[in-house]
Amino acid sequence: MDQISGLEIGEKAVLATVVDLKGSGYRLPGARMLIRANGDAVGTVSGGCLEADVMERAKRVLKSGLAEVFTYDTTADENSVFSLNMGCRGVMRILLEAVDGTSEIIAALRSVRTTRQPTASAVLIAIQGPSRLAIGSRIFLSNSGPTDPIDTCGLCLPFPTLCEDLYTFSGSSSYETIRYETADGVVEFAFESLKPSVRLLIFGAGADAVPLADAAYALGWQTAVCDHRPAFLNRERFAAADELLMAARDSTPQFTSDKLTAIVLMNHNYDRDKALLPQALRSHAFYVGALGPKKRTSQILDELNAAGESFSGVELARLRSPAGLDIGADTPEAIAISMIAEIQSVFRKRSGGPLRDRQAPIYDRKT
C-alpha cells in the first residue's frame, strides 16, 4: 500500500483491486496491484497466475480511462485460465481503474498511511440496466475527517441506504458486497475497510536489526528504528526504514503507538532495555518482543517490580521473550524471520504452528 499511495501527481497507472471472492483464492478482497504506464508493477492479485492477463487488460483501461471489472472463474476447471493448473476453485472479481497521484483512492490510501486512521469505502462494481453512474464510482467514510461520508459521485441520492450501510460496515467487516435495486435495474457495491499497515518499532540499530527492518519493509509494514549511535543509525544501513529516530544517550526515548504497533527491544544493552520495557508494556502495541534469554527479561521484570513498577496480566501477555518462533534461528537473517513470523501470527491471532496441523481453512474469510 505504501508504494501505491506514493504515486506521484501526473504519473499515470492502473490500479487493480480484488473486490470479491467466492470460494478459494490465493489473495483476498482488498489485495492490490499497481501497473504503471511503463509496464512496471508492484503488488499482486493472485499467486502469479493472473497477473500477466491483468497487465494486458490494464493497457485498455489506461487508454480508455474507464474502469472495468473482470471475473476469473476457476470453479469448473482447474485448467480454465491460460491452461494453467491454478489449484484454486473460486470466482474472483478484479476492478481495474486508471489512476494518478490525485485520484480519490490514491489520496485515501495516502491519508490512511499518514494518519494511521482507517477509512471505509464503497465502490460500484456492477450495473444491470441503464445508469448514469460509472464503474469505479466511490464513497468514503473516514475516521479522521468529516463525520459525513465523502460523496463526490452523487451516490447517496439514488441509493439512500448506501450511507447508512457504509456507517454500519465501517465498524465491522473488512470486505462485503451489497446489491441495490432501483427502478432502472440493479447495482452492486463492494465495501472495504482501508486500514493502516502494521508499524514495527525497533529499539536498537545493531547488525541484527538490519534484516528485521528489511523483512518488515518486504511485508509492507511501516518501520521505525531508534538508537543513540549515529554510526549505526543511518540511511546506508536502514535504507528501507520509514523513520530513523535518534535518541539521546542518557535519556529514555518517548514514542507513540497504536493497536497496530509491534515493538522489539534489541538494544543489546541491559539498562536501555530495562528503561524502555515499562513504556513498551503500557503502550497500545499489540506485541512487545525482547531479544535475549528468558532469564534476562525475567530479571529485568523482577528489578522493575522491586522498584515499585507493576504490570497487569494483559500487559504482560503481550510480552514475548525470547522474541520469535522456535525455528532454530542462529543468524541475524534467520532470527529476523523468526521474529517477523511471530509478530504476524500474533497480529492474525494464529498459533504459529505448522499449517498441516491446522483443521480450519488457511484464510479467515467469507465464502
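Me: Thanks! Is His268 buried or exposed in this structure?
Reply: Keep in mind that this is a predicted model. His268 sits in the loop between strand E13 (261-265) and helix H6 (270-281). Its relative accessibility is 57%, and the cut-off for this class is over 50%. Therefore His268 counts as exposed.

Me: And Arg116, is that residue buried or exposed?
Reply: You will find Arg116 in the loop between H3 and E6. Arg116 has a positive phi of about 60° although it is not a glycine. Its relative accessibility is 14%, and the cut-off to apply is under 20%, so Arg116 counts as buried.

Me: What is the phi of His268?
Reply: Let's look at the backbone of this loop residue. His268 is not a glycine, and yet its phi is positive, at about 55°.

Me: Which strands stand at the edges of the open sheet of four strands?
Reply: Start from the strand order, which is E7-E6-E9-E8, with antiparallel pairing. An edge strand has a single partner strand, so one side of it is left without a neighbour in the sheet.

Me: How many bridges join E8 to strand E9?
Reply: Strand E9 covers residues 185-194, and E8 and E9 run antiparallel. Within this pair, Ile178 stands opposite Phe189 in E9. The number of bridges joining E8 to E9 is eight.

Me: Which helix lies across E6, E7 and E9?
Reply: Look for a helix that runs at about 15° to E7. It spans residues 104-115, and its name is H3.

Me: Where is Ala31, and which residues is it in contact with, leaving aside its neighbours within four places in sequence?
Reply: Ala31 is found in the loop between strand E1 (13-23) and strand E2 (32-36). With a relative accessible area of 6%, Ala31 is buried. Val45 is 14 residues apart from Ala31 in sequence, and the two are 5.6 Å apart in space, C-alpha to C-alpha. Leaving aside those sequence neighbours, the contacts of Ala31 are Ala16, Thr17, Val18, Thr44 and Val45.

Me: Which residue is joined to Ser321 by a cis peptide bond?
Reply: The omega of this bond is about 0°.

Note on methods
Residues are numbered from 1 along each chain as its sequence is written. This is a predicted model: local features need pLDDT of at least 70, side-chain atom pairs count only at pLDDT 80 or more; totals for chains, interfaces and linings use all residues. Side-chain values use heavy atoms; hydrogens and water are left out. Two strands pair if DSSP finds at least two bridges between them. Helices (H or I, at least four residues) and strands (E, at least two) are DSSP runs, numbered from the N terminus. Contact means heavy atoms within 4.5 Å. Axes are lines fitted to C-alpha atoms, for helices over the stretch in contact, and angles run from 0 to 180 degrees between N-to-C directions. Buried means under 20% relative accessible area, exposed over 50%, partly exposed in between (1.4 Å probe, protein chains only).
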